[in-house]
Amino acid sequence: MKLLLLEDDDLLAESLAESLKDNGYRVDLATSLKVARSLMATEHYELVVLDLGLPDGSGLDLLKKWRKDGYDLPVLILTARDTWEDKVVGLEEGADDYLTKPFHEPELIARIRALLRRKFGSTSHELSLNGITLDEASRSVSVNGGAWQSLTGTEFALMRYFMHHPDRVLSKERLLQQLYALDQDAATPNIIEVYIARLRRHVGKSSIQTRRGQGYVFVTN
């Protein structure tokens, strides 16, 4: 899944992006409201981690504008503003969760997972479709109740995206956007073919089908 991180502290942003990547997410980083508005207008994100104190304005004002414009994706505020009044305002203005700095990264990851499970209607760490079960906590997959097979971070991210979008044709370009940050030059459409081949070894070729000239489909019917 692809997340948008708004954070102007370079060291913190780098650390967070790396931690999120290690947990199977892909992150685009914005260090200002201007960049965030541009990214939100052109990219598709499943969740936003939002700092409130940004160099060109208030993250809270940006959140209010997004909600007014109809953006309904989960937003987790991550800020040094730690009074209960700040938390109430943030939640009332449209945030889905509020975490104050300093914080522990495992707690942030747990909160993100909880928000995404709520978004996709799941209360479990496991996704199950068509005999395939994906364990988000251990990043492993099981087919028809068989042995659990560990996935790499990219394999896990790709499999999870397929399972959240079953029976839909997903182009290589769409998959690349979900798997890689905007500035990752090494990402090419051919890399998707490599990871599709790896996933098929885990879940079977019939589960992820090719639509020639269009993309790939995770088939459930």
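Me: Is Leu99 buried or exposed?

Reply: This is a predicted model, and the term rests on relative accessible area, with buried meaning under 20%. Leu99 has a relative accessible area of 5%, so Leu99 is buried. The residue belongs to strand E7, which spans residues 97-100.

Me: Which residues does Leu99 touch, not counting residues up to four places away in sequence?

Reply: Leu99 touches Leu76, Ile77, Leu78 and Thr79, and also Glu107, Leu108 and Arg111, once residues up to four places away in sequence are set aside.

Me: Where is Glu7 found, and is Glu7 buried or exposed?

Reply: Glu7 sits in the loop between strand E1 (2-6) and helix H1 (10-22). The same cut-off of under 20% applies: with a relative accessible area of 1%, Glu7 is therefore buried.

Me: With which side chain does the side chain of Glu7 make a polar contact?

Reply: The partner is the side chain of Lys101, at 2.8 Å.

Me: How is a pair of packed helices described?

Reply: Two values are used: the angle between the helix axes and the distance between those axes. Helix H6 (residues 153-164) and helix H7 (residues 172-179) pack at about 125°, their axes 10 Å apart. An angle of that kind makes H6 oblique to H7, and H6 passes H7 in a right-handed crossing.

Me: Which residues make the contact between H6 and H7?

Reply: From H6 the contributors are Thr154, Ala157, Leu158, Tyr161 and Phe162, and from H7 they are Arg174, Leu175, Gln178 and Leu179. Sorted by class, this contact has six nonpolar, two polar and one charged residues.

Me: At roughly what angle do the axes of H7 and helix H8 cross?

Reply: The axes of H7 and H8 (residues 189-203) cross at roughly 85° and come within 9 Å. Since roughly perpendicular covers 65 to 115 degrees, H7 is roughly perpendicular to H8. Lys172, Leu175, Leu176 and Leu179 of H7 meet Pro189, Ile191, Ile192 and Glu193 of H8. The contact of H7 with H8 divides into six nonpolar, no polar and two charged residues.

Technical notes
Residues are numbered from 1 along each chain as its sequence is written. This is a predicted model: local features need pLDDT of at least 70, side-chain atom pairs count only at pLDDT 80 or more; totals for chains, interfaces and linings use all residues. Side-chain values use heavy atoms; hydrogens and water are left out. Helices (H or I, at least four residues) and strands (E, at least two) are DSSP runs, numbered from the N terminus. Buried means under 20% relative accessible area, exposed over 50%, partly exposed in between (1.4 Å probe, protein chains only). A polar contact is a pair of N or O atoms within 3.5 Å; within protein, one must be able to donate a hydrogen and the other to accept it, and residues adjacent in sequence count only if both atoms are side-chain atoms. Axes are lines fitted to C-alpha atoms, for helices over the stretch in contact, and angles run from 0 to 180 degrees between N-to-C directions. Angles under 35 degrees count as roughly parallel, over 145 as roughly antiparallel, 65 to 115 as roughly perpendicular and the rest as oblique. A crossing is left-handed if the near helix is turned anticlockwise from the far one by less than a right angle, and right-handed if clockwise. Contact means heavy atoms within 4.5 Å. Ala, Val, Leu, Ile, Met, Phe, Trp, Tyr, Cys and Pro count as nonpolar, Asp, Glu, Lys and Arg as charged, and the others, Gly among them, as polar.
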